[in-house]
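Hi everyone, thanks for coming. I'd like to walk you through a structure that may be new to you, so please have a look at the screen.

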Amino acid sequence: MNENLFASFITPMILGLPLVTLIVLFPSLLFPTPNRLVSNRLVSLQQWMLQLVSKQMMSIHNTKGQTWTLMLMSLILFIGSTNLLGLLPHSFTPTTQLSMNLGMAIPLWAGAVVTGFRNKTKASLAHFLPQGTPTPLIPMLVIIETISLFIQPVALAVRLTANITAGHLLIHLIGGATLALMSISMTTALITFIILILLTILEFAVAMIQAYVFTLLVSLYLHDNT
């Protein structure tokens, strides 16, 4: 069990070619473009959820910030669907890869920061030095604020990676323990199986919550810079 603990996090390959691109593109098939005058229940549910999330998330933004609505809604759909598909047996979850999460976090964070320096140059620079700072502390505070600024995309990526990876590891460990206990004590195995079901339900919630948290933090970074 231990030697296969991280097997689900290995990038799948066929004939030496990684399948990450196909896996990343697959969630887009779950959200088809409606081509009917009257949408079915699934499309209507998707549209209702998107309107609800976009209304809550974008209501704090001005006109310039609201131009990011399509990108942020696409981001939450992609992360949420990828996390949910990763809970299927023998599936690969791209969001468990730190490199991919950094690839999403860094461009979005950089775009928000560049937007702030273009539109609110003085206000963006003022964040590096709070008003009323004593003169001897100015160099130290500038360094601290600079580090805190550059740590934001790393924190975004690490938070998503850690939460999704931890959930997958727990499901793997408890599932293996359930199989091992079946030959020892059926009562204990049943209790462990119930815990596994509850943990799986929790992971479904975590998959959607982490998509919302990731997108919300990007939205807040954008709000601070527009």
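Predicted model: local features only at pLDDT ≥ 70, side-chain atom pairs only at ≥ 80, totals over all residues.

Residues are numbered from 1 along each chain as its sequence is written, and side-chain values use heavy atoms, leaving out hydrogens and water.

The protein has nine helices and two strands; helices are DSSP runs of H or I with at least four residues, strands are runs of E with at least two, and both are numbered from the N terminus. Along the sequence the pattern reads β-β-α-α-α-α-α-α-α-α-α. Of the 226 residues, 33% count as buried, meaning under 20% relative accessible area with a 1.4 Å probe and protein chains only.

The unreviewed UniProt entry annotates "transmembrane region" at several stretches, including residues 67–86 and 189–222; positions follow the numbering used here, feature names are shortened, and such annotations may be inferred rather than shown by experiment. Residues 67–86 are 85% helix and 0% strand, with end C-alpha atoms 30 Å apart. For residues 189–222 the figures are 100% helix, 0% strand and 48 Å.

Now to helix α4, residues 69–85. Its 17 residues reach 24 Å from first C-alpha to last, close to the 24 Å expected, which is 1.5 Å times one less than the number of residues. Buried residues in α4 include L72, L75, I79 and N83.

Where do L75 and I79 turn up again? They are among the residues with the most contacts inside the largest nonpolar core, which has 29 residues. Such a core is a set of buried Ala, Val, Leu, Ile, Met, Phe, Trp, Tyr and Cys residues joined through side-chain atoms within 4.5 Å. Helices α2, α4, α5, α8 and α9 each supply at least two residues of this core, and α5 gives the largest share, seven residues.

Terms used: Buried < 20%, exposed > 50% of the residue type's maximum accessible area, 1.4 Å probe, protein only.
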